[in-house]
Amino acid sequence: MMQLEVLDHWPDGLAQAWDALLVTQDAPTVFSSARWLQAWVETGCAAPEAGWRLRLFVLREQGELKAACAGWLKSHSWGEFVFDQAWARAYQHHGLAYYPKLVLALPFTPVPGSRLLATDEGVRGELLWAVQDWAGQQGLSGTHLLFGSPADARAAQLADQLAHGASGWVRRQQSQFHWQRDAAWHSMDDFLGALRADKRKKILQERRRVREAGVRVDFLAGAQASPQEWAWAYRCYAQTYGERGQQPYLTPEFFQRTRSDWWLARAWLADQTIACALLVEDQGVLYGRHWGALHSVPFLHFELCYYAPLEWALQRGLHRFEGGAQGAHKLARGFMPVSTFSLHALHDPRFAAALQSFGEEEQAAVAAYEEELLAHAPFRAG
């Protein structure tokens with residue numbers, strides 16, 4: 001018999017067992033590792049004082065880890081990239097509390113991947129059902145699983161069976177833009193040659209404008225960057241938030257804890273660095289996460305966040321480049337629409353029924369949006 005353990009800390013041995021289970025999942029990423037989860041909390045980024053209270057959900061059988069997931073009791077909806085503030089306002093309008101809610105997600109990281117770690121599909125469904133049941137007993141407004149994997153979606157169906165059709169999971173669709181390498185592309189010229197002439201011309205013009213401004217780009221492994229280089233990169237990162245009147249989500253200490261996973265794409269003007277894009281490379285995939293510039297140059301954002309990393313990814317033989325959430329402007333630059341999803345279960349039956357209708361309408365709208373985008377794909381026919 002397996003029983004649910006709910007923890008607010010990492011007991012001895014769990015991190016090692018967690019990572020061993022993670023690598024067996026259908027969509028593991030470094031962002032879901034124990035090291036990253038611990039870093040978010042211990043550096044104050046996703047800590048109670050920031051509105052994130054960690055809850056680790058664990059299923060064991062005779063002491064052996066069978067399933068686990070990381071959840072957060074949230075007092076707000078910031079840092080999730082799946083927007084539900086309208087739901088919070090609806091709850092408030094009816095005199096109900098939407099917060100705290102339970103979120104099974106990666107803080108500040110809209111990267112699709114495995115959220116429910118389990119030894120098999122049945123155990124994964126049992127874990128999700130047990131977590132949702134716990135959240136209901138705690139009086140939380142709902143349970144939300146963000147940017148999950150196909151196995152996570154199947155777990156929701158199994159959880160519904162365990163709850164005799166009453167789990168209430170609703171699927172929401174979100175569009176992201178990912179660049180996927182074609183086997184015939186070995187260089188930037190190969191990729192550009194696959195584009196329609198107008199799209200290729202536009203990219204070449206934008207890159208030329210950056211070069212004519214005297215800008216060059218290089219890549220520095222985070223593990224090799226000095227404290228001064230990291231301090232400068234953080235200044236760029238914080239600048240982007242400062243321009244919006246916001247505080248950055250991540251702290252300098254967080255980047256130091258995870259520095260071996262990062263690459264710094266740096267833009268230089270003469271002998272001065274003027275901008276930086278922060279990237280993560282993991283299992284043949286490049287993830288664009290953050291960027292900032294301290295000097296304005298036309299088209300520098302496109303060069304540093306898309307073109308230079310894309311060319312670099314081709315040189316390194318990487319097969320995918322995820323440039324971050326949203327942004328239809330990426331389509332013209334070879335990033336194609338990809339559907340991601342989140343799962344939501346509101347525990348008040350009145351709101352759950354409204355959510356079901358909302359989810360169906362939203363999925364139809366997203367499907368139509370992606371179909372329209374595909375009609376304007378930048379690649380040459382045939």
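His290 is tucked away as a buried residue, with a relative accessible area of 13% (buried means under 20%, exposed over 50%, partly exposed in between, with a 1.4 Å probe and protein chains only). The model is a predicted one, where local features need pLDDT of at least 70, side-chain atom pairs count only at pLDDT 80 or more, and totals for chains, interfaces and linings use all residues. Residues are numbered from 1 along each chain as its sequence is written, and side-chain values use heavy atoms, with hydrogens and water left out.

His290 sits in strand β11, residues 285-293 (strands are DSSP runs of E, at least two residues, and helices runs of H or I, at least four, numbered from the N terminus). Leaving aside residues up to four places away in sequence, His290 touches Tyr237, Tyr241, Leu250, Phe255, Trp262, Cys276, Ala277 and Leu278 (contact means heavy atoms within 4.5 Å).

Now for the helices. The axes of α7 (residues 197-212) and α10 (residues 300-316) come within 10 Å and cross at roughly 110° (axes are lines fitted to C-alpha atoms, for helices over the stretch in contact, and angles run from 0 to 180 degrees between N-to-C directions). That makes α7 roughly perpendicular to α10 (65 to 115 degrees; under 35 is roughly parallel, over 145 roughly antiparallel, and the rest oblique). On the α7 side, Ile203, Glu206, Arg207 and Val210 meet Leu300, Phe302, Glu303, Tyr307, Ala308 and Glu311 of α10.

Helices α4 (residues 121-137) and α5 (residues 150-162) pack at about 65°, with axes 7 Å apart.
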